[in-house]
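Here's a quick briefing on this fold, with the cut-offs spelled out as we go. Have a look at the model first.

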Amino acid sequence: MSLPVSFLSDFGHSDEFVGVVHGVLAKLSPDSRVIDVGHDFPRGNVRAAALALTRAIQYLPEGVCLAVVDPGVGTSRRAIAAATPWGHFVGPDNGLLSPAVAMVGGASTIVSIENPDAMIPSAGETFHGRDVFAPAAALLASGDAALADLGPEVEGDDLVPLLLPLTETEGAMVSGEAWWVDTFGNVQTNVSPEDLGVVGLGPGETLTVKVGSMIHAVPWVTSYGDVAEGDALVHVDSVGLLAVAVRGGSAAEEFNLAEGVAVTFMANRSSTTE
């Protein structure tokens with residue numbers, strides 16, 4: 001029985017790239033359902049796509065994960081396939097896969113995809129999503145190949161890690177950063193409710209949120225409906241991290257927030273400019 005393939009990339013939808021990968025999967029594993037996790041991540045932004053895959057993986061059906069955000073395509077970075085308790089992961093070994101693989105229990109076996117019989121011959125080295133990763137994913141999904149058929153096992157069974165910043169606590173302040181801005185303008189941070197609990201802050205309080213030199217008084221509530229239209233809020237998002245939002249608006253615009261911008265939470269104080 002063919003397995004589903006969950007497909008994530010930064011290919012976008014303006015060109016034929018996503019469709020071509022779908023075509024390769026359909027040819028080599030025609031009975032596999034393909035789930036598009038997302039393809040409009042910022043070009044070459046491995047971290048953004050890796051965090052998205054980590055948010056999504058627990059909701060995807062067990063099978064094969066094909067993830068391609070590959071700014072190092074054609075270089076010495078490894079093309080890998082990994083076996084995990086969830087299923088197989090296929091993609092570049094550049095940090096893209098490692099957080100999601102860790103979330104599902106780690107890799108038991110990792111191989112370097114090197115077998116030319118498991119690839120599509122090509123004169124170029126710029127579309128490994130089509131020529132290397134899609135065939136490997138399809139062969140695993142269809143059952144026509146085992147992991148060992150794709151190439152030699154990688155010594156140590158270690159993926160290249162994705163280096164993520166940690167939060168910092170100083171006195172009654174917790175400092176982190178914006179990890180993700182969704183299409184609604186909601187801003188996820190890397191700060192957890194437990195981080196704020198350590199400094200004595202909890203739901204129902206009004207927090208001071210500092211972004212750059214600006215500080216804002218924002219209530220920590222449960223849902224968007226707990227504040228008036230146009231008002232800002234802090235809430236625990238769908239993956240359990242603190243997010244800043246504006247009901248009916250964009251927190252990214254109102255707070256001048258983008259991925260990587262520092263965000264500090266502390267006890268309430270009046271909104272002002274320092």
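Helix H4 (residues 128–142) lies across strand S1 (5–9), strand S3 (64–68), S4 and S5, and it runs at about 175° to S3. Contact here means heavy atoms within 4.5 Å; axes are lines fitted to C-alpha atoms, for helices over the stretch in contact, with angles from 0 to 180 degrees between N-to-C directions. Helices (H or I, at least four residues) and strands (E, at least two) are DSSP runs, numbered from the N terminus.

This is a predicted model, where local features need pLDDT of at least 70, side-chain atom pairs count only at pLDDT 80 or more, and totals for chains, interfaces and linings use all residues. Residues are numbered from 1 along each chain as its sequence is written, and side-chain values use heavy atoms, leaving out hydrogens and water.

**The sheet**
- Six strands make an open, mixed sheet in the order S2-S1-S3-S5-S4-S6, where pairing takes at least two DSSP bridges between two strands.
- S2 (34–38) and S6 (109–112) sit at the edges with a single partner strand each, so one side of each has no neighbour in the sheet.
- Neighbouring strands are turned by 20° against each other on average, direction ignored.
- S4 (residues 79–83) and S5 (residues 88–92) run antiparallel, joined by five bridges.
- Alanine 82 stands opposite phenylalanine 89 in S5.

**The whole protein**
- The count comes to seven helices and 15 strands.
- Of the 274 residues, 52% are buried (under 20% relative accessible area, 1.4 Å probe, protein chains only).
- The C-alpha atoms fill a box of roughly 65 × 40 × 35 Å along the principal axes.

Methods:
Buried means under 20% relative accessible area, exposed over 50%, partly exposed in between (1.4 Å probe, protein chains only).
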